[in-house]
Amino acid sequence: MEMDVVQAINIEAKQRVQELRQLLQKASYAYYVLDAPIMEDAVYDRLYRELQQLENQNPELVTPDSPTQRVGEKPATQFISVRHNIPLYSLENAFNIDELKAWEQRWRRQTPNVEQVDYVCELKIDGSALALTYENGILTRGATRGDGVTGEDITQNVRTIRSIPLRLNVETLRANSLPERLEVRGEAFLPLEVFKQINEERQKAGEAVFANPRNAAAGTLRQLDSRIVAKRRLDFFAYTLHIPGRDDASIANTQWEALELLKNLGFRVNPNHTLCPSLKDVAEYYEYWDTERLNLQYMTDGVVVKLNSFKLQEQLGFTQKFPRWAIALKYAAEEAPTRVENIAVNVGRTGALTPLAEMRPVQLAGTTVSRATLHNADRVAQLDIRIGDTVIVRKAGEIIPEVVQVLKELRPADAQPFVMPSQCPVCGQPVVRETGEAVTRCVNASCPAILKGAIEHWVSRDALDIRGMGEKLVHQLVDRGLVHSVADLYDLTEDKLSSLERMGKKLAQKLVEAISQSKNQSWSRVLYGLGIRHVGSVNAQLLSEKFATVEQLATASQADIETVYGIGAEIAQSVHQWFHISANQTLISRLKDAGLQLATKQEATEVSQSHQKLAGKTFVITGTLPTLKRDEAKALIQQAGGKVTDSVSKKTDYLVTGEDAGSKLVKAQELGVPQLSEEQLLEMLQD
C-alpha cells in the first residue's frame with residue numbers, strides 16, 4: 001500500500017516537472033529570442049524555484065534540458081552574435097535572510113581559513129545587463145547579455161546612452177596601468193518619469209504600452225533604428241570591471257575600489273551602495289531599502305551582495321551558472337499570478353467607467369489583493385482578458401493594483417469575454433465615449449456614483465479637508481437624500497446628521513464644526529475641490545495665483561487661461577467649459593453664499609515677487625518633520641515665493657530634512673546641496 005502511494009507521488013511530481021519545464025522554456029524563448037515576454041520576473045522566479053525544489057526532492061527527474069541546467073536561450077538573429085570574452089553569469093537568488101545565511105555557510109565551507117570579510121551591497125537595478133568593451137580607452141563594443149556566453153552586438157544603440165562614456169577618463173588610472181582592453185558590466189534602465197512619458201506618447205499614438213520599465217528598456221536596446229533608442233533616454237549604472245587575461249588587482253583589489261575606479265573613469269555608479277562588515281549590516285541595508293526604494297526614480301527588485309575581496313572571489317570561482325561569491329537578495333514579489341473570477345465596473349466622480357477584475361485573493365507586496373483595475377475598454381481589448389483567465393497582477397509602488405498580463409496558455413475553455421456596458425451600472429442612463437478618448441463615461445450629473453465621488457473628493461485632505469467625513473458617511477448622506485451637491489454639506493445640522501446610523505450627538509456636533517471650519521480653506525483648495533477635469537492641486541494653485549477671484553477665472557477666455565505657466569490647451573478648455581455650465585454657476589453662487597473663500601486673501605495678493613523671501617529658490621522635502629506636515633511646509637515655501645520639487649538635482653537649492661530621511665538625503669550629500677531642519681526653514685521664512 002505504501003509503495004502505491006510513493007509511486008502515485010512520483011507520477012504526480014513527474015507530471016508537474018514536465019509541465020513546469022514546458023512553461024519555463026516557453027517563457028525563456030519568448031524573452032530571450034522573440035523579445036516578447038509572456039510573464040514577469042517574479043512569476044518566472046516562483047515557477048523556477050518550484051521546479052528546483054521538485055528536482056532536489058527527486059534527483060532522478062533531473063535531465064540535461066531542464067531550465068535549471070542552463071543559463072538561458074540563444075540570442076535573436078536580428079543583430080550580429082558575439083561571444084563574451086568573460087561569461088556574463090546570472091546570480092543565484094535568495095528571498096529572505098535565512099537563505100542569505102545559508103549562502104554564507106556554503107562559501108565558508110570552501111574557505112575554512114577565512115574569518116573576517118566585508119560585503120559590498122548594491123541595489124539590483126531592474127533593467128537589461130550590458131557588456132561594454134573598451135580598447136585603449138575607447139568604447140569599441142556594447143553587447144547584450146544573451147545566454148551569458150553569447151550576446152548581441154548593439155554598439156550603435158549603446159552609443160546613444162549618454163551616461164556611458166565613449167572615451168574613458170584614463171588619467172585617473174595609475175601610471176602605466178591602462179590595460180589595452182577592459183570590460184565594464186552594468187545595467188541599462190529607464191527612469192520612471194521617462195517610462196511614464198513613453199507610455200503616454202505610445203497611448204496617444206494608439207500603440208501598445210509597455211508593461212514595466214524593464215520590458216521597455218529591453219525592447220529599446222534591441223531597436224534596429226538607433227534614433228529611436230536615442231529618443232527613449234536610457235540610463236546606465238556600471239557595477240563590474242573586468243580585464244580579460246589580466247589580474248584585476250593590478251588596478252583594484254576589491255569591489256569597493258572597483259566601484260570608485262568606475263566612477264573616476266567616467267561611469268555612473270549607483271550612489272546607494274555600501275560596505276558591510278557582517279551579514280547583520282547586510283540585513284539592515286536590505287530592510288531599509290525594502291520601503292525606501294519606492295522613493296527612487298528607477299525600479300529595483302532586490303539587493304546584490306558581493307564578497308568585497310577580489311582574491312577571495314577568485315578562490316571561490318563559479319558554479320556552472322552562478323558566481324559563488326555573490327547572490328541577489330530579492331524583495332517580496334510585487335507581481336503575482338491569480339485567477340479572474342468576475343469583471344465588475346466602477347463609476348468614478350467624473351463619470352468614468354472603470355472595469356475591475358475581481359480575483360482570487362493573492363499576497364502582493366505585503367497586502368492581500370482581490371481587485372485590480374483594468375483601466376478602460378481599450379486596455380481590456382489589448383489584454384484580451386476574460387473571466388476565468390489566469391493573470392499577472394502588479395502593485396509596483398502603486399496604491400491600486402492593476403492587471404498587466406494574461407497567461408493565455410492557461411486559459412480554460414469556458415472563459416467568458418467581457419463587454420463594456422452601454423448603460424451606467426449605477427443610474428441606468430446611457431453612457432458615451434467621445435471621439436479620441438479611451439474612457440467611457442456616464443454623463444448623468446444626477447448619477448449617485450458621480451455625486452458620491454465628487455463629495456469624497458471635496459472633503460479629502462488636499463481639498464477642503466473635512467475631518468470625520470469618510471466614505472461610508474458620504475454614501476449615507478447621498479443614499480438618504482440629504483446631500484445632492486457639495487453645497488448641501490453646508491446646510492447640514494446636528495439634527496439631520498443625528499438621524500444617520502452610528503451617529504451620536506457628540507459626533508454630529510464635531511462634523512458640523514469640521515464643515516464650518518472648511519470655509520476657511522484657501523481659494524486654491526476650493527478650486528481643486530470642485531473636481532474640474534485635469535485640475536490637480538498644483539494646477540489649482542497656479543490658476544488661483546493668476547486669477548485672484550472666482551469671478552476673474554469664470555470670465556476668463558480659454559486663451560487667457562492658457563497664458564498661465566504650466567496650463568496647456570486641454571486644461572484651459574476643461575476649466576473654461578466647466579464655468580460655462582449653468583449648474584456649476586449655481587454651485588459657485590451657493591458656495592459663495594455659504595461663506596467659502598472664493599478669492600485670494602488681499603494681503604497675499606499684494607505681496608510682490610521682490611519681497612518674497614524665497615523667490616527663485618528650489619526646495620525638496622524629505623522625512624518626517626517635527627511639527628509641520630509636508631503639505632504645510634510646502635505651502636509655506638510656496639507662499640514665500642519658493643518652488644518645491646519631488647527629486648534632488650543640481651538645481652536644488654535646499655533639502656529640508658526630517659526624521660527617517662532617505663535616498664534624497666544621500667543624493668543631496670553627493671551633490672553638495674545644503675540641508676535645512678524645520679527650525680532653520682522657519683527662521684529663514686521669518687528673517
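Predicted model: local features only at pLDDT ≥ 70, side-chain atom pairs only at ≥ 80, totals over all residues.
Strands of a sheet pair through backbone hydrogen bonds, either parallel or antiparallel. Here, four strands form an open sheet in the order β5-β4-β7-β8, and their pairing is antiparallel. β5 (138–144) and β8 are the edge strands, since each of them pairs on one side only, and from one strand to the next the twist averages 30°. Between β7 and β8 the antiparallel pairing extends over seven bridges, and one can look at valine 184, whose bridge partner in β8 is leucine 241.

| Helix | Lies across | Angle |
|---|---|---|
| α6 (residues 213–221) | β4 (128–135) and β7 | about 40° to β4 |
| α8 | β7 and β8 | about 130° to β8 |

**The buried side of α8**

Helix α8 spans residues 255–265, and its buried residues are Gln255, Ala258, Leu259, Leu261, Leu262 and Leu265. Because these residues cover an arc of only 165° around the axis, they fall on the same side of α8. The buried residues of α8 pack against β3 (119–125), β7 (181–189), β8 (235–242), β10 (300–307) and α10 (310–316).

**A buried loop residue**

Serine 518 is found in the loop between α15 (505–517) and α16 (523–529). Serine 518 counts as buried because its relative accessibility is 1%, where the cut-off is under 20%. Leaving aside residues up to four places away in sequence, serine 518 touches Leu464, Ile466 and Tyr490.

Conventions:
Residues numbered from 1 in each chain as written. Heavy atoms only, no water. Buried < 20%, exposed > 50% of the residue type's maximum accessible area, 1.4 Å probe, protein only. Helix = DSSP H or I, 4+ residues; strand = E, 2+ residues; numbered from the N terminus. Arc of directions from axis to C-beta. Contact = heavy atoms within 4.5 Å. Pairing = 2+ DSSP bridges. Axes fitted to C-alpha atoms, helices over the stretch in contact; angles between N-to-C directions.
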